[in-house]
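Keep the structure open while reading.

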Amino acid sequence: MRQIDEKDGDLELAGIDALDLPIAPRQTLPWRIWRSTWPQLAAVGVVIAVWQLVVLSGVKPAYVLPGPLAVGERLLHDLTDSSLLTAIGTTLRRIAVGFGLALLIGSLVGLAIVRWQVLRTAIASLITGLQTMPSIAWFPLAILLFGLNEQAILFVVVLGAAPSVANGLIAGVDHVPRILLRAGQVMGARGIDSYRFVVMPASLPSFIGGMKQAWAFAWRSLMAGELLVIIAQQPALGVRLSLSRELNDARGLMATMIVILVIGIVVDAVLFGRLDTAIRRRWGLLEASD
């Protein structure tokens with residue numbers, strides 16, 4: 001039952017012959033970590049090399065565009081300073097509250113729209129319009145409504161992220177194959193049970209994609225808010241960016257930008273990366289050793 005492809009000579013297995021393939025041994029944890037991290041380390045190395053070459057070219061003076069070594073030294077120094085850790089804590093607390101509220105509100109709105117057609121007709125296009133609004137455009141209204149305080153920042157974070165959550169859920173439900181719904185009905189899943197056991201699990205990939213997009217919008221909205229709304233006695237990463245710019249502290253500015261970038265990458269990899277991997281493995285799209 002084995003066939004040889006005459007074009008490239010590759011051996012193809014058909015039917016039950018595929019069962020003769022050896023089972024790949026489970027890879028060790030260090031090897032899996034190395035396999036997933038070395039491309040990222042290589043990319044970081046390329047970025048640092050290009051950065052150093054630009055600095056050496058003399059396009060900008062060192063006090064405007066410092067090199068990677070100078071910024072790295074400043075970053076290590078700042079990490080030993082309690083003020084940076086306090087700023088990181090304030091920013092993480094705000095993003096946790098803002099993104100949590102956006103996730104709750106967006107999910108409820110999305111569920112309501114997919115459940116009642118009249119709501120879809122009334123506000124579905126409005127949600128898409130809100131999603132396209134730049135976050136910075138909401139801050140004048142937020143400041144008028146709440147003043148220069150934390151509520152103004154959270155208001156913009158929620159408005160920037162909730163529409164993405166709702167649209168992700170709506171898209172996921174809309175693209176559930178009808179055959180799954182019929183199969184669920186045959187097995188007795190009707191009404192709420194149909195949403196619980198069929199619709200929601202099938203829409204998870206799109207929902208996770210909407211959450212991931214919402215996180216990006218929320219993080220950018222928060223950084224913009226902390227740059228514009230500076231609250232006394234509440235140090236934050238956006239505040240450090242603003243102060244570094246006012247003091248012409250290029251090394252401090254770039255060190256803070258690296259912290260912001262690393263936080264965004266870590267959250268994406270640890271939270272959403274793990275969720276995506278778990279869903280694909282559950283659906284049989286990944287090998288157990290991956």
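Helix axes are lines fitted to C-alpha atoms over the stretch in contact, and angles between N-to-C directions run from 0 to 180 degrees. The model is predicted. Its chain has a mean pLDDT of 82, and 83% of the residues reach 70 or more.

**Helix α2 against helix α10**

- Helix α2 spans residues 68-79, and helix α10 spans residues 250-282.
- Their axes come within 9 Å and cross at roughly 70°.
- Angles of 65 to 115 degrees count as roughly perpendicular, so α2 and α10 are roughly perpendicular to each other.
- On the α2 side, the contact is made by Ala70, Val71, Arg74, Leu75 and Asp78.
- On the α10 side, Arg251, Gly252, Met254, Ala255, Ile258 and Val259 make the contact.
- The residues of this α2 with α10 contact divide into 7 nonpolar, 1 polar and 3 charged.

- Aspartate 78 lies in helix α2.
- Is aspartate 78 buried or exposed? Its relative accessibility is 4%, so aspartate 78 counts as buried; the cut-off for buried is under 20%.
- Leaving out residues up to four places away in sequence, aspartate 78 touches Leu84, Arg240 and Ala255.
- Of these partners, Ala255 is among the α10 residues that contact α2, while Arg240 is one of the α9 residues that meet α10.

**Helix α9 against helix α10**

- Helix α9 covers residues 237-246.
- α9 and α10 pack at an angle of about 155°, with their axes 8 Å apart.
- That angle makes α9 roughly antiparallel to α10, because angles over 145 degrees count that way.
- The crossing of α9 past α10 is left-handed.
- From α9, Leu237, Arg240, Leu241 and Ser244 take part.
- They meet Gly252, Leu253, Thr256, Met257, Val259, Ile260 and Ile263 of α10.
- The α9 with α10 contact residues divide into 7 nonpolar, 3 polar and 1 charged.

**Ser221 in helix α8**

- Serine 221 lies in helix α8, which runs over residues 192-228.
- Serine 221 has 0% relative accessibility and therefore counts as buried.
- Beyond four places in sequence, serine 221 touches Ser135, Phe139, Val156, Val157 and Gly160.

**Where to read with care**

- Over residues 1-21, pLDDT stays under 50.
- The model has 18 contacts beyond four places in sequence for residues 1-21.
- Where pLDDT is low, predicted coordinates should not be read in detail.

Key:
Residues numbered from 1 in each chain as written. Predicted model: local features only at pLDDT ≥ 70, side-chain atom pairs only at ≥ 80, totals over all residues. Heavy atoms only, no water. Helix = DSSP H or I, 4+ residues; strand = E, 2+ residues; numbered from the N terminus. Parallel < 35°, antiparallel > 145°, perpendicular 65-115°, else oblique. Contact = heavy atoms within 4.5 Å. Nonpolar A, V, L, I, M, F, W, Y, C, P; charged D, E, K, R; others polar. Buried < 20%, exposed > 50% of the residue type's maximum accessible area, 1.4 Å probe, protein only. Left-handed = near helix turned anticlockwise from the far one by under 90°. pLDDT = per-residue confidence, 0-100.
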